[in-house]
Amino acid sequence: SVHRTVSHQEQLLPSSYGQDIIIAQPRDPSWIHVYWELKLETLESGKVKIGSQGAHAHLTLRIYELRSASAAEFDVARWFDTGIYHHIGDWTIEVSPPDRAWCVEIGLKTAAGLFIALARSNIVRTPPDRPSDRIDEKWGVLSESMPGVWGPSSWMLRASR
């Protein structure tokens, strides 16, 4: 076997960065992707805040549909929860309807339904599920009379018509 040293450019990424963070990103009109990391200290302090039910609380993502994409207002239309299994991870979440603002919190939820948020994501907007109604006049059809557009290979395209 060949012994190989790892250069500084080839170092592996760490499994965690020691911070509390949750990031949301739209995947398509009906799905968002979320990834997160919670420090173990944050998780333990959350359990202490809950009190006697903290020992049995479960990690949970709370997904909010917002009436506005403004972080200042945080006007919630509705929300739903999904359980997760680890303080570091990622999840793809089905959301509906499309063309809405979404935000996700990671926290602890007790059997009685008490939820305590430990971190909140950015706000994302899923795209619509239809072609845009916007008509942009900057785009037009290329003309063969435009200089520089039709290069040497264009004669082959015209000849094959």
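A residue is called buried under 20% relative accessible area, exposed over 50% and partly exposed in between, with a 1.4 Å probe and protein chains only. The model described here is predicted, and local features therefore need pLDDT of at least 70, side-chain atom pairs count only at pLDDT 80 or more, and totals for chains, interfaces and linings use all residues. Residues are numbered from 1 along each chain as its sequence is written, and side-chain values use heavy atoms, with hydrogens and water left out.

The protein chain contains 2 helices and 8 strands, where helices (H or I, at least four residues) and strands (E, at least two) are DSSP runs numbered from the N terminus. Along the sequence these elements follow the pattern β-β-α-β-β-β-β-β-β-α. Of the 161 residues in the protein chain, 28% count as buried. A contact is defined by heavy atoms within 4.5 Å; among contacts in the protein chain between residues at least 6 apart in sequence, 59% join residues at least 24 apart. The chain exposes about 11,300 Å², of which carbon and sulfur atoms supply 55%; these areas come from the Shrake-Rupley method with a 1.4 Å probe, and for residues only the protein chains shown count as cover.

Strand β2 (residues 31–37) has 5 of its 7 residues buried, so this strand is largely enclosed by the rest of the structure. Strands are taken to pair if DSSP finds at least two bridges between them. On this basis, strand β1 (residues 21–28) runs antiparallel to β2 and is joined to it by 7 bridges.

The structure holds 8 salt bridges, each defined as a side-chain nitrogen of Lys or Arg within 4 Å of a carboxyl oxygen of Asp or Glu. One of them joins Asp-28 to Arg-27, with the closest N and O atoms 3.1 Å apart; Asp-28 is partly exposed at a relative accessible area of 23%. Another is formed by Arg-78 and Glu-65, whose closest N and O atoms are 2.6 Å apart. Because Arg-78 lies in strand β4 and Glu-65 in strand β3, this pair ties together parts that are 13 residues apart in sequence. Arg-78 is partly exposed, at 35% relative accessible area, whereas Glu-65 is buried at 8% relative accessibility.

A further salt bridge links Arg-120 with Glu-105, the closest N and O atoms being 2.9 Å apart. Arg-120 belongs to strand β7 (residues 115–120) and Glu-105 to strand β6 (residues 101–109), so the pair ties together parts that are 15 residues apart in sequence. Arg-120 is partly exposed, with a relative accessible area of 44%, while Glu-105 is buried at 6% relative accessibility.

Arg-62, Asp-81 and Lys-109 are linked in a network of salt bridges. Arg-62 lies over the face of Trp-79, at 3.7 Å from the ring centre, and the charged end of Arg-62 sits over the ring of Phe-115, 4.3 Å from its centre.

A search of the whole structure finds 2 aromatic pairs. Rings of Phe, Tyr and Trp (its six-membered ring) pair if their centres lie within 6.5 Å, and planes under 30 degrees apart count as stacked, over 60 as edge-to-face and the rest as tilted. The rings of Tyr-64 and Phe-74 have centres 5.3 Å apart and planes at 70°, so this pair is edge-to-face. The pair links distant parts of the chain, with Tyr-64 in strand β3 (residues 58–66) and Phe-74 in the loop between β3 and β4 (76–83), 10 residues apart. Tyr-64 is buried at a relative accessible area of 9%, and Phe-74 is buried at 18%. Tyr-85 and Trp-91 form a tilted pair, at 6.1 Å centre to centre and with 50° between the planes. Tyr-85 is exposed, with a relative accessible area of 72%, whereas Trp-91 counts as partly exposed at 28% relative accessibility.

How values were computed:
Lys NZ or Arg CZ within 6 Å of the ring centre and 35° of its normal.
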